[in-house]
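Hi,

Here is the structure I promised to pass on. Please open it first, then read the notes below.

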Amino acid sequence: MANYYSDHPEIAFHLNHPLMERIVELKEKGYEDKENYADAPVDFEDAIENYKRILDITGDVAANILEPNSESVDLEGPHLENGRMIYASKTFENIDATRKAGLHGVSMPRRYGGLNLPNVVFSMLSEVISAADAGFQNIWSLQSCIDTLYEFGSEEQRQKYIPRVCAGETMSMDLTEPDAGSDLQRVMLKATYDEKEDCWRLNGVKRFITNGDSDIHLVLARSEEGTRDGRGLSMFIYDKRNGGVDVRHIEHKLGIHGSPTCELTYKNAKAELCGSTRMGLIKYVMALMNGARLGIAAQSVGVEQEAYNEGLKYAQERAQFGQKIINFPAVYDMLSRMKAKLDAGRSLLYQTARYVDIYKALEDLQREGRLKPEDRQDLKKYTRLADAFTPLAKGMNSEYANQSAYDAISIHGGSGFIMEYKCQRLYRDARIFSIYEGTTQLQVVAASRYITNGTYLQIIKEMLENKVSADLQPLKERVEALVALYEEVLSEVKAENNQEKTDFVARRLYEMTADIIMSLLILDDATRAPELFAKSANVYVRYAEAECRGHYDFVKNIKAEDLENYKVI
């Protein structure tokens with residue numbers, strides 16, 4: 001029987017990373033739950049076995065329920081009835097299956113009914129579910145909104161809402177409005193305090209809200225009358241049980257049909273303030289979006305895996321000119337690049353998740369007043385690393401998912417254009433990944449300060465100190481040559497001190513940064529598990545080499561005055 005976790009040992013490999021022991025130790029707070037909860041691990045080895053069991057269960061559900069339902073969900077999609085969103089029929093089966101498997105509220109502490117899983121494992125679950133059905137992964141993974149409520153809500157709110165999510169209730173984050181997409185400072189949904197009822201009231205419209213008719217919403221709204229910027233925005237909790245929000249429209253989308261994208265009307269809807277006023281965008285949405293961006297990175301890796309699987313299977317079966325097409329260089333070139341991008345992108349995803357795990361666990365200890373003095377520097381270090389790596393993981397993997405889905409169709413030839421083949425759905429689903437939760441262009445903006453201030457270069461030089469196996473040393477030397485080119489053009493761009501040119505070449509510098517970091521990550525993986533990653537390391541470094549040298553030549557030769565040629569108006 002198929003299993004979307006155990007069929008791909010590359011996923012389990014990332015549970016063996018040297019940082020995992022510290023992550024588990026911090027997340028389990030010295031394994032203190034073992035005295036009160038039967039399912040709590042007693043040590044590191046026990047925790048890893050627990051994670052593997054949960055992943056195996058998820059892989060089984062994904063392969064044998066979610067994937068078989070995916071075509072039906074794509075064809076039916078959700079629909080609107082009397083101001084309410086109704087999921088596709090098979091989506092209800094999917095939700096029921098994941099609830100029965102205990103796969104909701106998984107990141108939350110056990111005292112609220114959660115499984116206390118680290119972000120690395122949650123990302124693995126997201127990848128596996130996305131490989132089966134990327135649209136359903138949206139619905140399922142939005143449970144991670146509860147992390148923001150856990151971090152910034154009151155204890156009363158935690159006790160009220162977290163057990164409900166752990167029991168399987170759904171969530172959404174209601175941020176975007178008709179006039180506020182990427183620029184969330186323009187949010188105008190109005191929040192007013194109702195002194196008589198001792199609550200807040202929300203009025204206005206939200207647009208492009210994923211899973212918008214969920215049970216529990218986190219809502220960005222303007223609480224400070226007369227303000228027009230981010231300092232007037234606060235975060236609120238809306239409970240569907242209280243009424244006051246209707247679904248006005250469900251978007252008819254290119255892909256991820258099972259994931260309802262709603263336009264909502266708030267009419268005097270009762271809500272609770274989450275955290276402090278004025279901090280909604282400045283602090284809380286930033287935390288919410290970083291988590292969502294890592295979720296899209298995992299979603300992208302899942303689709304990358306499935307696109308590769310579909311392309312490989314077809315190439316092994318399809319014969320032309322008297323032989324299987326997998327023997328044609330043009331085809332195995334595509335497949336090898338798809339696999340190399342998948343392995344390198346997955347490594348970037350889980351490295352980012354590990355950094356997030358450490359700083360989130362240290363923050364949790366800090367909130368409880370239990371942070372050790374010697375850990376304060378690590379909190380700062382891993383917060384910076386997570387912040388730097390998140391836009392790389394989201395941007396690059398979302399682009400790779402699009403490229404791999406495109407290549408899967410190319411491998412299928414004319415059949416790839418026929419709706420009966422899955423690769424067309426993967427292609428349609430993948431297109432949104434580089435758009436929502438911050439476009440790739442916005443990921444470049446988020447990463448740019450770490451490029452220009454030398455943070456990435458410092459990280460890369462630290463990574464270069466890692467030893468690789470002797471047979472991979474020539475590849476490492478090629479990466480070292482790329483680092484020299486990167487440092488050269490970066491120094492020249494900074495010395496020129498022309499902001500317009502810096503912004504213009506930012507995408508190329510961003511891709512050079514990511515290509516080099518992923519090359520070093522996949523070399524490390526191949527050193528530890530050559531049977532899994534040696535081929536991908538060879539292919540990816542050569543791919544990165546071609547990409548980086550092209551970007552180097554472009555940035556090196558573009559002049560500020562040349563930018564006029566790129567302006568279409």
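Predicted model: local features only at pLDDT ≥ 70, side-chain atom pairs only at ≥ 80, totals over all residues.

Residues are numbered from 1 along each chain as its sequence is written, and side-chain values use heavy atoms, with hydrogens and water left out.

Overall fold. The protein chain has 18 helices and eleven strands (DSSP runs: H or I, at least four residues, for helices; E, at least two, for strands). Its C-alpha trace spans about 70 × 60 × 55 Å along the principal axes. For contacts (heavy atoms within 4.5 Å) with a separation of 6 or more, 75% join residues 24 or more positions apart.

Surface. The accessible surface is about 23,600 Å², and carbon and sulfur atoms hold 50% of that (Shrake-Rupley method, 1.4 Å probe). Of the 569 residues, 59% are buried (under 20% relative accessible area, 1.4 Å probe, protein chains only).

Cores. A nonpolar core is a set of buried Ala, Val, Leu, Ile, Met, Phe, Trp, Tyr and Cys residues joined through side-chain atoms within 4.5 Å. The largest has 134 residues, and L202 and Y456 touch the most other members. Helix α10 (residues 329–367) gives the largest share of this core, 14 residues. Another core, of 32 residues, lies apart from it; L184, M235, V285 and A292 are among them.

Best regards

Notes:
Buried < 20%, exposed > 50% of the residue type's maximum accessible area, 1.4 Å probe, protein only.
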